[in-house]
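Student: I am new to this structure. Can you walk me through how to read it?

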Amino acid sequence: MPDNAYEAIIGLEVHTHLMTRSKLFCGCSAGFGAGPNENVCPVCMGMPGVLPVLNRHAVELAIRTGLAAHCEIAPESIFARKSYFYPDLPKGYQISQYELPLCKGGYIELPAQSEGTEARRIRLTRIHMEEDAGKNIHESGASLVDFNRSGVPLVEIVSEPDIRSAEEAGAYLRELRSILRYIEASDGKMEEGGLRCDVNVSVRKRGASEFGVKTEIKNLNSFRFVEKAIEHEVARQIDILESGGRVAQETHLWDPVREMTRPMRSKEFANDYRYFPEPDLPPLRVTPDVVEAIKTSMPELPADQRARFVRDLGLTAYEAAVLTQDRDLAAYFETMLATGLKNHRTAANWVMTEVLRAINETARPLADAAPLAIESGELLKLVETGAISLNAAKTAFAAMCKSGKGADATVAELGLAQVSDESAIAAACDKVIAAEAAKVAEYRGGRDKLFGFFVGQVMKAMGGKGNPRVVNEILKRKLTA
Amino acid sequence: MTSELNRMTIAEARDGLARREFSALELTRACLEQIKLVDPKINAFITVCAREALEQAAAADRRLAAGDAPALCGIPLAIKDIYATRGVRTTCASKMLENFVPPFDATVIARLREAGAVFIGKANMDEFAMGSSTENSAFGVTRNPHNVERVPGGSSGGSAAAVAADECLGALGTDTGGSIRLPAAFCGVAGIKPTYSRVSRYGVIAYASSLDQVGPFAKTVRDAAILLRTLAGHDPHDSTCSARPVPDYESALTGDVRGMRIGVPKEYFVAGMEPQVETAIRDALASYERLGAKLVEISLPHTEYAIAAYYIVATAEASANLARYDGIRYGLRVDADNTGELYNRTRAAGFGAEVKRRIMLGTFVLSAGYYDAYYLKGQKVRTLIRGDFDRAFERCDVIATPVAPTTAFKIGEKMADPLQMYLSDIFTISVNLAGLPGLSIPCGFDRDGLPIGLQLIGEPFAEETILRAGDAFERTGAVKRRAAIL
Ligand SMILES: [Zn+2]
């Protein structure tokens with residue numbers, strides 16, 4: 001917050017693709033990567049006379065989303081036509097939900113954002129289903145439209161104005177994406193338009209009870225842009241208020257190149273969408289049995305998993321939060337523990353540092369960037385048994401990331417195993433004591449600090465592979481003897 | 001013999017074909033000959049599909065020869081140009097779709113194909129089914145075969161005229177506010193609008209989605225029953241289409257209406273009705289009494305609000321349904337420097353005056369601030385009208401009314417006054433708002449030889465009842481089918 005006298009009031013509308021095989025109202029593939037206008041049919045091209053037929057799987061995924069966000073699932077919801085003209089909108093209206101959405105209320109629980117902070121709940125207004133539009137492409141002076149995306153199922157998740165900062169908006173989006181991935185409703189990939197966001201922002205003097213005038217920032221397609229746009233917009237609004245001006249109720253577009261928002265021309269947003277109930281689709285009825293069946297098929301959600309990690313495994317709230325950002329990451333951690341690791345927090349920190357580093361450095365998905373979780377677990381077990389040092393484990397891990405080989409093989413190959421054999425260590429100690437007679441005398445005369453020097457010398461003599469615990473023990477015994 | 005084949009009913013032709021008295025090819029040729037002869041005078045067709053029809057007829061003959069003839073094998077039908085027909089241009093009588101060739105068949109077209117029907121041509125209509133006279137066509141006015149100075153009714157005027165002029169044996173129309181029943185009445189043929197949801201709307205170019213319904217025209221009630229059997233039934237491509245089993249409508253035509261209670265709504269016999277029309281309807285009611293039916297006076301008190309409600313609901317839906325004609329993907333495009341201007345020019349050039357009027361009306365009633373006052377109120381009136389019928393059907397089995405207050409009016413007579421034109425549908429519109437089945441049958445002629453239509457309205461899915469009633473009247477022979485004078 002640039003000025004601490006103000007607080008920001010932020011609400012997000014997130015659109016995300018549902019991972020169905022076919023589109024929302026026709027049998028065309030909802031997949032990406034096909035050539036332009038390959039996944040189209042008369043229905044999603046808006047040919048004369050065609051009618052929509054609702055995709056059952058999309059409804060199930062939307063209900064899963066609603067249940068994961070603690071929403072009330074409406075026993076009857078209806079679709080509506082939202083009318084506007086745009087070349088990528090084949091029917092001249094989008095089939096969406098307006099007055100009676102599928103999911104009402106609910107909340108998203110934001111996990112602790114750093115060590116020592118607490119979880120926060122962001123309330124939801126609603127979640128509704130709708131179809132996506134096509135994509136306009138401007139190429140060599142021509143405007144082209146690709147309708148592959150036309151009719152791909154979306155849910156729009158609308159939050160209450162409960163978010164108070166750009167960082168919190170980011171945390172909300174990350175948690176939402178994590179939930180969507182856990183329940184396999186959406187992959188939340190922003191680069192394919194799989195997750196898009198409109199932001200409502202206003203500011204008010206801290207302690208005021210009334211909201212300020214809000215602006216809407218449309219069509220943000222990365223988490224970073226959302227945070228940047230909010231920061232920019234909050235600062236802009238505070239500037240206006242501080243200089244005695246009034247914030248205008250406007251719709252803004254984010255300019256990712258100049259990293260600032262600009263108001264849309266009134267023509268760009270002055271739409272009266274003329275919503276009315278879609279006469280081609282009967283009301284969507286969802287019986288309690290269907291909701292119950294979906295409920296029982298729900299996987300553990302990130303918030304529940306976090307709570308379990310804290311309660312049963314002794315992790316801190318922050319550690320649990322980092323691990324559950326991504327379902328695969330959490331699963332990796334749990335698989336590591338399954339090898340019988342005793343120190344859960346060491347394993348957690350291993351994932352948070354070594355594994356995340358591997359992902360970040362390679363910019364590849366977890367499965368490609370890191371060795372199998374079971375091998376990571378075996379590696380840490382070698383640390384626990386004292387067979388290798390933690391540093392050696394890190395060296396081995398880096399090698400395993402590249403080679404894909406197992407923990408034992410890598411440790412052997414790199415010769416990283418520690419020597420714990422007492423006679424070998426005792427021999428090395430004797431050699432050092434014999435060679436450094438003067439220093440031994442000083443030590444015995446009271447210069448305790450020299451102990452570290454002897455440890456170093458013994459380790460050096462052993463090529464760094466002596467088990468530090470055993471070296472300490474034997475050395476101390478021999479020096480005091 | 002051959003020259004008269006086109007005058008046959010479907011039932012007669014079906015038997016003749018089965019007995020191999022003539023071939024499907026001969027039957028189709030007879031219809032094409034008649035079209036050549038009379039269509040220049042009445043303009044019932046936008047597109048005549050001679051080549052395709054002859055191919056279909058030849059295929060029908062092969063099936064007849066093989067002994068596996070389906071229900072409508074070799075029967076030549078006219079198809080309102082509102083149905084998507086794969087490979088055959090489908091204009092909806094609009095410049096907007098003048099060269100539009102659909103890559104798919106409407107569900108009912110696919111069903112008729114499967115049943116062996118022959119599509120003789122695409123029939124003229126009011127543009128996008130908006131009109132009551134078939135004068136709003138980008139392809140010229142269709143004229144009434146009984147008097148070419150008169151309109152055939154609309155919007156399915158081409159289909160009705162083609163049947164009346166024996167250019168085909170039956171036809172497909174659509175009915176949103178009376179678009180089958182009115183032209184059936186004006187042209188002196190039978191036409192049925194089934195219960196909403198009885199027949200799939202997939203591939204039927206939408207005017208008002210919650211009101212549009214598919215239905216047949218025929219020379220007799222029996223033929224209408226035969227056609228409806230093939231048309232009706234569940235369609236996975238239409239979520240509003242009923243899964244109810246389809247009865248054998250033909251077997252419901254027992255001729256027996258004894259004990260049937262026929263409701264006569266007092267609101268439908270009002271000042272402004274042509275006396276000759278009222279007389280013909282009263283005579284028909286008297287015939288029913290003689291057949292053993294009982295007449296019951298009923299009331300449909302919200303009738304006077306029907307037209308207003310209809311023009312709100314129908315135009316609201318139309319304003320969205322017609323938004324897809326934007327010049328981007330198919331149909332007419334008038335180029336411009338920017339997209340907004342491209343829309344404006346394309347839609348200005350592509351739509352006729354009545355279509356524009358209804359799009360504007362529909363856009364207005366859905367606008368922010370007006371939605372509650374118009375669209376929502378329109379829907380409430382609809383509920384009241386449905387309630388009227390529910391109560392009426394507690395006291396009767398069938399409701400009998402005139403189809404229209406007048407016989408066919410003169411071409412051009414009402415074009416200057418849309419409200420007068422809208423009133424032509426005053427007796428048919430409530431049936432669409434309530435989603436009920438309605439049958440129109442000829443019940444007489446006025447002094448000028450123009451047909452008068454009787455409307456028989458049933459409860460939801462009571463097509464069998466109204467067809468039985470219509471057929472029973474037809475059997476009395478009180479009204480002889482009169483060949484069009486051409
Ligand atoms: Zn499609």
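Student: How many salt bridges are there between chain B and chain A?

Tutor: Keep in mind that this is a predicted model. Look for a Lys or Arg nitrogen within 4 Å of an Asp or Glu oxygen. Between chain B and chain A the count is 1 salt bridge. A:D280 and B:R201 form it through their side chains, at 3.0 Å from N to O. Shared partners join A:R81, A:E278, A:D280 and B:R201 into one network of salt bridges.

Student: How many residues of chain B are in contact with chain A?

Tutor: For chain B, 37 residues are in contact, and they meet 31 residues of chain A. The area buried between the two chains is about 2700 Å². Carbon and sulfur atoms give 62% of that area. In chain B, the residues that lose the most area to chain A are B:S239, B:R324 and B:R329, together 22% of what that side buries.

Student: How many residue pairs are in polar contact between chain B and chain A?

Tutor: The count is 12 residue pairs. On the side of chain B that touches chain A, α9 (306-321) and α10 (339-350) each give two or more residues. The largest share, 4 residues, comes from α9(B). That side divides into 21 nonpolar, 10 polar and 6 charged residues.

Student: Which residue forms a salt bridge with A:D162?

Tutor: The partner is A:R123, with the closest N and O atoms 2.8 Å apart. This pair links distant parts of the chain, 39 residues apart. A:D162 lies in the loop between β11 (153-159) and α2, and A:R123 in strand β8 of chain A. Buried means under 20% relative accessible area. A:D162 has 11%, so A:D162 counts as buried. A:R123, at 45%, is partly exposed.

Student: Is B:R181 buried or exposed?

Tutor: B:R181 is buried, at 0% relative accessibility. Its salt-bridge partner is B:D175, at 2.8 Å from N to O. B:D175 is buried too, with a relative accessible area of 0%.

Student: Which elements do the buried residues of α3(A) pack against?

Tutor: Among them are β1 (6-17), α2 (166-182) and β12 (195-205) of chain A. The buried residues of α3(A) include A:F223, A:F225 and A:V226.

Notes:
Residues are numbered from 1 along each chain as its sequence is written. Chains are lettered from A and ligands numbered from 1 in the order in which they are written. This is a predicted model: local features need pLDDT of at least 70, side-chain atom pairs count only at pLDDT 80 or more; totals for chains, interfaces and linings use all residues. Side-chain values use heavy atoms; hydrogens and water are left out. Contact means heavy atoms within 4.5 Å. Buried area is the accessible area (1.4 Å probe) that two parts lose on being put together, summed over both. A polar contact is a pair of N or O atoms within 3.5 Å; within protein, one must be able to donate a hydrogen and the other to accept it, and residues adjacent in sequence count only if both atoms are side-chain atoms. Ala, Val, Leu, Ile, Met, Phe, Trp, Tyr, Cys and Pro count as nonpolar, Asp, Glu, Lys and Arg as charged, and the others, Gly among them, as polar. Buried means under 20% relative accessible area, exposed over 50%, partly exposed in between (1.4 Å probe, protein chains only).
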